[in-house]
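Visitor: I would like a close look at a single part of this model. Please take me through the sheet and what surrounds it.

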Amino acid sequence: MTRIVQSRAELRAALDGRAKVAFVPTMGALHAGHVSLLETARPLGDALVASIFVNPTQFGEGEDFEDYPRTLEADLAQCEAAGVDIVFCPTVETVYPTGLGDITVQPGRLGSILEGAARPTHFAGVLTVVAKLFGLVRPAVAVFGEKDYQQLVLIRQMAAELCLDVEVLGSPTAREGDGLAMSSRNVYLTPEDRARAAALPQALRAAVEASPRGAEAVLESAQRVLAEAGIDPDYLVLADRDLGPATPGDEARLLVAARIGRPRLIDNTALHLGTGS
Ligand code: AMP
């Protein structure tokens, strides 16, 4: 039986006696990507907690906070089906009882590149709410999607640097049949843009194929696929696993962001970078 709790006191009572909590934070509008995180987390604790909270502080001015898809009934049914023990769906006042932000978590250097360059206040909002949720839920382990790769790296770094005593795990990106990464924002795509968006995962696949030939080949092959689809990316960047400079001969990450019609979509892939010789 899934328990649905809204207040801090209800959450505390529901967590009472749970030795090891596995936690999946979400903003709702759940899809198969979120469900895959729940499935990853399920065996890792004696209680599985999901949160559903559209966090105002991670949306910038003019972004889609008001219109962000909210599908609570369907979300709760999916949590129930996935065997979630406790769903925490707090109000904004419950999470931010003293207002939206005197004390915040600042992401530092990594928070100002890639997504942070386009959305300067985004990661401070994300880290602040995740720190609060960790404090409320007190998980032993928390699972985040590789889909939001920079977010995953930053949360892992926050947990380590602030000694939050939670293991942060990444879980692979769930994709549609044509490879498009599942996202709550895909509902904003028109049918034409939805078809064009398949070029993002195609570009990543082309890059993986080119990866034995080195960094230049990786970037060129991905760029070519995007250009053929008429997509001019916000960024297409090759980095190492911690988002530092990529090293030939080592594991790397290729990250892309592009506005396709209304939504700005992001995706990434792991690859092994050849030396290009
Ligand atoms: P969101 O509700 O978009 O804030 O996402 C909640 C969690 O689900 C985050 O850890 C995301 O990285 C993860 N997530 C979102 N989309 C996917 C996906 N397609 N595959 C795997 N995880 C995802």
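How many bridges join E5 to E6, and do they run parallel or antiparallel?

Guide: This is a predicted model. In it, E5 and E6 run parallel, joined by 5 bridges.

Now widen the view. The sheet is open and has 6 strands, in the order E1-E4-E3-E2-E5-E6, with parallel pairing. Strand E1 (3-5) and strand E6 (167-171) stand at the edges; each has a single partner strand, so one side of each lacks a neighbour in the sheet. From one strand to the next, the twist averages 25 degrees.

Helices pack against this sheet. Helix H3 (residues 72-81) touches E1, strand E3 (47-52) and strand E4 (86-88). The direction of H3 makes about 165 degrees with that of E3. Helix H7 (residues 149-161) lies across E5 and E6, and runs at about 170 degrees to E6.

Strand E5 (141-145), strand E2 (21-26) and helix H2 (32-41) each supply at least two residues of the shell around the ligand. H2 gives the largest share, 3 residues. The shell divides into 8 nonpolar, 7 polar and 2 charged residues. Among the 17 residues around the ligand, Met27, Gly145, Asp148, Ala174 and Met182 come nearest.

A backbone N or O atom of Gly145 lies 2.9 Å from one. For a backbone N or O atom of Met27, the distance is 2.9 Å. An N or O atom in the side chain of His34 is 3.0 Å from a ligand oxygen. Taken alone, the ligand exposes 490 Å², and the protein buries 92% of that.

Notes: Residues numbered from 1 in each chain as written. Predicted model: local features only at pLDDT ≥ 70, side-chain atom pairs only at ≥ 80, totals over all residues. Heavy atoms only, no water. Near = heavy atom within 4 Å. Polar contact = N/O pair within 3.5 Å; in protein donor to acceptor, adjacent residues only side chain to side chain. Areas by Shrake-Rupley, 256 points an atom, 1.4 Å probe, with all protein chains shown as cover. Helix = DSSP H or I, 4+ residues; strand = E, 2+ residues; numbered from the N terminus. Nonpolar A, V, L, I, M, F, W, Y, C, P; charged D, E, K, R; others polar. Pairing = 2+ DSSP bridges. Axes fitted to C-alpha atoms, helices over the stretch in contact; angles between N-to-C directions. Contact = heavy atoms within 4.5 Å.
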